[in-house]
Structures are given as structure tokens and as C-alpha cells.
Amino acid sequence: PSNVAVDNVLARLVVPPPPPSSSSSDANFENPKGKIKTRRVNKRKQQSSNGGGNMKCSPRVVRLGHPARLQVDVLKHSLEALVKGADGTEIVQDCKKEMKDYLRIASDPKARYADKRAARAELRLLRKEIR
């Protein structure tokens, strides 16, 4: 399926349910002649037609794919947006930044052996922390 088709399916899945029309169980129907008729609707039928009436929120969905190819209205459900909004994202970014610095020290041919060994030890600890 195309990206647009998947985005359309996702948009329909996450649409909030329509608000209840009214507390009465009367429903208005227009017949072919243009007259409006009112008839009583069984509450059980009314609940079963909207999914049982218990749907309070949309399902949790994740859209996989490149963010540049996603429609704007489903972008908040993309994996990248969910990862950026997660709680531990800032911590992981800080650890990666520190790892980059230690990796530069560990791979520097002019650095002393003791500094390289300490940098490798710190790299191991930071990798464990990220997991």
C-alpha cells in the first residue's frame, strides 16, 4: 500500500468518536419526499451501531515510515515523534554526546595509555546506562 493510503487508514482509526447526539432516544429520518419522520430507536441498537458506546479514546497506534513522507495530521503518531517525546530521550542524547567525547579520546593516537583505558571504561559504563 502507498504511504497516502496508510495515512488515510491511520487518520480514520484515530478520529475521536462523535459526541452523543442527545439524551432522548428519538431519531430523525428524512424520507424521499422531503418530510422528516421521527421514530423511536432502541437504545441497544444505538449502542451497537457506534461500537458499544464504550469507546472513550482512540487506540494507541504507531506509524512507521520516513517522517518526510507522512501527512501532517498523522505525524504525531509516527515512531520518530513518539521517541522524541519520550521521557528518557534527553538522557540518552546526553549519554551519546559523552560517548562521542570518550570515543575521540580512546581513538586518539597521541593520547596516553591511561587516558585511553579510562575512556574505554567510561564508554562501557555509558553503553550499559543507555540499555
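Me: How do you know that the end-to-end distance of α4 agrees with its 18 residues?

Reply: This is a predicted model, and the test can be run on its atoms. At 1.5 Å a residue, the 18 residues of α4 should span 26 Å. The end C-alpha atoms of α4 are 25 Å apart. The expected span is 1.5 Å times one less than the number of residues. The two values agree.

Me: Which residues of α4 are buried?

Reply: Thr-89, Cys-95, Met-99 and Ala-106. Buried means under 20% relative accessible area.

Me: What puts them on the same side of α4?

Reply: Their arc. They cover only 115° around the axis, so they lie on the same side of α4. The face turned away from that buried side carries exposed residues: Glu-90, Gln-93, Lys-97, Lys-100 and Arg-104.

Me: What do the buried residues of α4 pack against?

Reply: They pack against α3 and α5.

Me: How do you know that the span of α5 agrees with its length?

Reply: By the same kind of check. Helix α5 covers residues 113–130, 18 residues. At 1.5 Å a residue they should span 26 Å. The end C-alpha atoms of α5 are 26 Å apart, which agrees.

Me: Which residues of α5 are buried, and which are exposed?

Reply: Lys-116, Ala-119, Leu-123 and Leu-126 are buried. They cover an arc of only 85° around the axis, which puts them on the same side of α5. On the other side, Tyr-113, Arg-124, Leu-125 and Lys-128 are exposed. The buried residues of α5 pack against α4 (89–106).

Me: What makes up the largest nonpolar core?

Reply: Six residues: Cys-95, Met-99, Ala-106, Ala-119, Leu-123 and Leu-126. The elements that give two or more residues to this core are α4 and α5. A nonpolar core needs buried residues of the listed nonpolar kinds, joined through side-chain atoms within 4.5 Å.

Me: Which residues does Leu-126 contact, leaving aside its neighbours within four places in sequence?

Reply: Cys-95, Glu-98, Met-99 and Tyr-102. Cys-95 and Met-99 are also members of the core.

Me: Why is Asp-7 called buried?

Reply: Its relative accessible area is 0%. The cut-off for buried is under 20%. Asp-7 is therefore buried. Its place is in helix α1 (residues 3–13).

Me: What does Asp-7 touch beyond its neighbours within four places in sequence?

Reply: Asp-7 is in contact with Arg-63, Arg-69, Leu-70, Gln-71 and Val-74.

Me: Which residues of α1 are buried?

Reply: Asp-7, Leu-10 and Ala-11. They cover an arc of only 100° around the axis, so they are on the same side of α1. The face turned away carries the exposed residues Val-9 and Arg-12.

Me: Why does His-77 count as buried?

Reply: Set the value against the cut-off. His-77 has 16% relative accessibility. Buried means under 20%. His-77 therefore counts as buried. His-77 lies in the loop between α2 and α3. Not counting residues up to four places away in sequence, His-77 touches Leu-10, Val-14, Val-61, Val-62, Arg-63 and Leu-82. Leu-10 is one of the buried residues of α1.

Me: Why is Leu-75 called partly exposed?

Reply: Its relative accessible area is 32%. Buried is under 20%, exposed is over 50%, and partly exposed is in between. Leu-75 is therefore partly exposed. Leu-75 sits in the loop between α2 (43–49) and α3 (79–84). Leu-75 touches Pro-67, Leu-70 and Ala-81, not counting residues up to four places away in sequence.

Me: How many helices and strands does the chain have?

Reply: Five helices and two strands. Along the sequence, the pattern is α-β-β-α-α-α-α.

Me: What share of the chain counts as buried?

Reply: Of its 131 residues, 16%. The chain exposes about 11,300 Å², and carbon and sulfur atoms supply 54% of that area.

Conventions:
Residues numbered from 1 in each chain as written. Predicted model: local features only at pLDDT ≥ 70, side-chain atom pairs only at ≥ 80, totals over all residues. Heavy atoms only, no water. Helix = DSSP H or I, 4+ residues; strand = E, 2+ residues; numbered from the N terminus. Buried < 20%, exposed > 50% of the residue type's maximum accessible area, 1.4 Å probe, protein only. Arc of directions from axis to C-beta. Contact = heavy atoms within 4.5 Å. Areas by Shrake-Rupley, 256 points an atom, 1.4 Å probe, with all protein chains shown as cover.
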